[in-house]
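Biologist: I have a structure to go through today. Shall we look at it together, one topic at a time?

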Amino acid sequence: MTDPRPDAVPPKRLSLIGPGIVVAATGVGAGDLVATLIAGSRFGYALLWAAVLGAVLKIALAEGVGRWVLSSGRTIFDGWSSLPGATLMGGRLNWAGVYFGLYVVVWGFVYGAAAMTATALPLAALVPLLDLKTWGILSGLAGLGMVWFGNYRLFETVMTALVGVMFVTVVGLAIIVTPDLPRLLTGMWPTLPPGSVFYTLGLMGGVGGTITMAAYGYWLNAKGWRGPAWIGVMRIDNRIAYGVTGLFVVAMLIVGAELLHAGGIALAGGERGLLDLDRVLRDRFGQLVSVMFLIGFWATSFTSLLGVWQGVSLMFADFTAHLAGRSADEGARGDRSPAFRAYVLWLTLPPMLLLFMDRPFGLIVAYGVLGSLFMPFLAGTLLWLLNSSRVPPEWRSGWVSNLLLGGAAVLFAILAGRELVGLFSG
């Protein structure tokens, strides 16, 4: 158990790892693994350096969120609400709050359907007695039940166990395909093969980066880590967690390079590409490896679903508390608030309708626009907040943090531009 005193840090710091694993695992979805596989299948190990750099940028972003929350004693939404600009509702909602409110409602509706579908895909392949839609509904209800009736400790325990499953299956798969280590090391030298720019940006910016990075501060408080004395522990937690995430990315790049690139095998995009990989694994290594891979595929998808159901609901509870002119308790009781429960239901029940119909074009465009802007919004606002008087001088960003956050802001802005061009040109 954690010490209830805010500044009391138990000596065995490594035993406190938890919130970082939660946020890192939530940010790595099945679609991210497919994107990494495809990069490896097309370019071999040439883009390994981009995957490693991407992990470093995520460490900087999550560290910025954690340092803001622990040093200022305020949530990330408190920080956004303090930014200058036009305000609404008696000063309780500024431009950042308006953007977040629109984003969290539209994004949650579309993401709920996508997360349930991604989690259902491996289950339908493992147990074809039920169809994809039924498995999707059951997956959403499982996430709802766990978040509704459980607490943070249960949530963290389940997430950590699922990360263990991911580690065994994903890293184990990379070992099975027998990586060429000398060639792997050459991938650490930055190069851009012809046609690789899009994949390079995707590897640096896409894997492990979602709205749940902003939820890290809420999970820190739910864990009981409060006050600047916990910043050192948070940094260890964050680096280990994104180190594990980086290992997942490298492992899938190895699989793409050794299994697909060498064999000239192409995968479908999105989560369904992992089903293509499953067929390749079954043909080459047999049924046991195929089943273990599908279990890892499910663990990857369900951690994303569960993390969003829990973490983004905490953020929504904070948002609605600001609208009502009061402070949200994002710790022990935040996950029992009416707003938290309402958003969990919003993520689960209305999106089930999308499982039975084609997604409306207008909704998808809105989802794409709002979603593409979130990561540059997060990186940019962290730069602003962590260099301001809102943070005690000793915890403001130094040149390394500013360089990484600035690089992340530029990278995500470029990715947002590509996403927006693709939406409106397609």
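Biologist: Is Asp-278 buried or exposed?

Modeller: This is a predicted model, and in it Asp-278 is buried, with a relative accessible area of 3%. Buried means under 20% here, so Asp-278 falls in that class.

Biologist: Where in the chain is Asp-278 found?

Modeller: Asp-278 is found in helix α12, which covers residues 272-285.

Biologist: With which residue does Asp-278 form a salt bridge?

Modeller: The partner is Arg-282, and the closest N and O atoms of the pair are 2.7 Å apart. Side chains of opposite charge can pair when their charged atoms come close.

Biologist: How are Asp-278 and Arg-282 placed in helix α12?

Modeller: They are four residues apart in the helix, so about one helical turn separates them.

Biologist: And is Arg-282 buried, partly exposed or exposed?

Modeller: Arg-282 is partly exposed, at a relative accessible area of 33%, whereas Asp-278 is buried at 3%.

Biologist: Leaving aside neighbours within four places in sequence, what is Asp-278 in contact with?

Modeller: With those neighbours left aside, Asp-278 is in contact with Ser-290, Phe-293 and Leu-294.

Biologist: Let us turn to the other salt bridges. How many are there?

Modeller: The count comes to seven salt bridges. One of them joins Arg-235 and Glu-63, with the closest N and O atoms 2.9 Å apart.

Biologist: Which helices hold Arg-235 and Glu-63?

Modeller: Arg-235 lies in helix α11 (residues 231-261) and Glu-63 in helix α3 (residues 48-72). The two residues are 172 residues apart, so this pair links distant parts of the chain.

Biologist: How do Arg-235 and Glu-63 stand for accessibility?

Modeller: Arg-235 is partly exposed, with a relative accessible area of 25%. Glu-63 counts as buried, at 9% relative accessibility.

Biologist: What about the salt bridge of Asp-180?

Modeller: Asp-180 pairs with Arg-183, and their closest N and O atoms are 3.4 Å apart. Asp-180 counts as partly exposed at 31% relative accessibility, and Arg-183 counts as partly exposed at 34%.

Biologist: A change of topic: helix α10. Why is α10 described as largely enclosed by the rest of the structure?

Modeller: Seven of the eight residues of α10 are buried, which is why the helix is largely enclosed. The buried residues are Tyr-216, Gly-217, Tyr-218, Trp-219, Leu-220, Asn-221 and Lys-223.

Biologist: Which helices do the buried residues of α10 pack against?

Modeller: They pack against α1 (19-27), α3, α4 (76-81), α7 (152-176), α11 and α13 (287-323).

Biologist: What follows α10?

Modeller: Gly-224 follows, and its phi is positive, near 100°. Gly-227 has its place in the loop between α10 (216-223) and α11.

Biologist: Is Gly-227 buried or exposed?

Modeller: Gly-227 counts as buried, at 16% relative accessibility.

Biologist: Now for a helix pair. At what angle do α5 and α14 pack?

Modeller: Helix α5 (residues 95-126) and helix α14 (residues 338-348) pack at an angle of about 50°, with their axes 7 Å apart. They are therefore oblique to each other.

Biologist: Which residues make the contact?

Modeller: From α5 they are Val-104, Val-105, Trp-107, Gly-108, Phe-109, Gly-112 and Met-116. From α14 they are Tyr-343, Trp-346, Leu-347 and Thr-348.

Biologist: How many of the contact residues are nonpolar, polar and charged?

Modeller: The contact of α5 with α14 has eight nonpolar, three polar and no charged residues.

Biologist: Finally, the chain as a whole. How many helices and strands does the chain have?

Modeller: The protein chain has 16 helices and two strands. Of its 426 residues, 55% are buried.

Biologist: And what share of the contacts with a separation of 6 or more comes from residues 24 or more positions apart?

Modeller: Residues 24 or more positions apart account for 84% of those contacts in the protein chain.

Note on methods: Residues numbered from 1 in each chain as written. Predicted model: local features only at pLDDT ≥ 70, side-chain atom pairs only at ≥ 80, totals over all residues. Heavy atoms only, no water. Axes fitted to C-alpha atoms, helices over the stretch in contact; angles between N-to-C directions. Parallel < 35°, antiparallel > 145°, perpendicular 65-115°, else oblique. Contact = heavy atoms within 4.5 Å. Nonpolar A, V, L, I, M, F, W, Y, C, P; charged D, E, K, R; others polar. Salt bridge = Lys/Arg side-chain N within 4 Å of Asp/Glu carboxyl O. Buried < 20%, exposed > 50% of the residue type's maximum accessible area, 1.4 Å probe, protein only.
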